[in-house]
Structures are given as structure tokens and as C-alpha cells.
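Have a look at the model first, and then we can walk through both.

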Amino acid sequence: AAKDLPVKEVDLQRLDFESLNKGTTTALDRFYNADVVIADLSESDHRASLFYQLGIRESFDMTHNIIMFHDRDPDETLDLLKISSTSHNFVPYRRAREGSGACIATDFQSTAAAGAGGSGSTG
């Protein structure tokens, strides 16, 4: 049962894109030594740099990387999924309601198929 699982301390740290992109020693150290990285690739001008940094993590077998993406356009979501590594966990999301800070994960396959006029399968 879940109650029998060991509890681990979690040290959640937010790292802003500008610090990572500037390559400050502290930012890079935190990014490369994190057990898990959750990167939001919603900003298109951040993607190349973040994919590069995630690629470096993967080259050191640090594959616990989660990519989040604001799912505004099914075609863009599918394109981002296609270029991301198979070792990434891909989590597209939408705002629960306009003006809300709450988000819900979306099913990228259903989203992509709907945008392409499909039946729910992406092939």
C-alpha cells in the first residue's frame, strides 16, 4: 500500500531561464546536479537553449527530465513532441480556466488528432 512507501525529503528549487541561459556557475551546477528537471518549453525563444542543456544532462545519463508545454495549438504540441527525445516525459498542459493559476495536463494524442481532424490516433 502507498502508506508503506518510504518518505523522502524533497528540495524543490526554481531556476529561472535567464540564469541558466547566462551560464552562471550556480545555475549550471543546480541544473546538472538535480535528480529531476522539470522544464517548461512554452516560450519558443527558450527551446533551443533548454534542449541543449537537457541534451547535456542526457549525455551524462541524467534522464529524469520532464518537459512541460502550454498546449495552445495541437500542431505545435505535436511538433514539439516529435523533436523531443524519447527519454523525456512530455506533459502538455492547459489552464484550468482563464485567469486561473491552475493547470490541467492534456492528452497530446487526442489533442493532436482533434487538431488534424483525426479520430484519436496519431499513427
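Helix 2 and helix 3 cross in a right-handed way, that is, with the near helix turned clockwise from the far one by less than a right angle. This is a predicted model, in which local features need pLDDT of at least 70, side-chain atom pairs count only at pLDDT 80 or more, and totals for chains, interfaces and linings use all residues. Residues are numbered from 1 along each chain as its sequence is written, and side-chain values use heavy atoms, without hydrogens and water.

The axes of helix 2 and helix 3 (residues 47-59) come within 10 Å and cross at roughly 55°. In helix 2, Leu28, Phe31 and Tyr32 meet Gln53, Leu54, Ile56 and Arg57 of helix 3, where contact means heavy atoms within 4.5 Å.

The largest pocket holds about 1,000 Å³ of space. A pocket here is an open set of points on a 1 Å grid where a 1.4 Å probe fits, with protein on both sides within 12 Å along at least five of seven lines; lining residues have an atom within 4 Å of a point. Of its 27 lining residues, Gln13, Arg14, Leu15, Val37 and Ile38 are the closest to the centre of the largest pocket. Strand 1 gives the largest share of that lining, four residues.

| Element | Residues |
|---|---|
| Helix 1 | 17-22 |
| Helix 2 | 25-33 |
| Strand 1 | 37-40 |

Methods
Points joined across faces, edges and corners; volume = space filled by probe spheres on them. Helix = DSSP H or I, 4+ residues; strand = E, 2+ residues; numbered from the N terminus. Axes fitted to C-alpha atoms, helices over the stretch in contact; angles between N-to-C directions.
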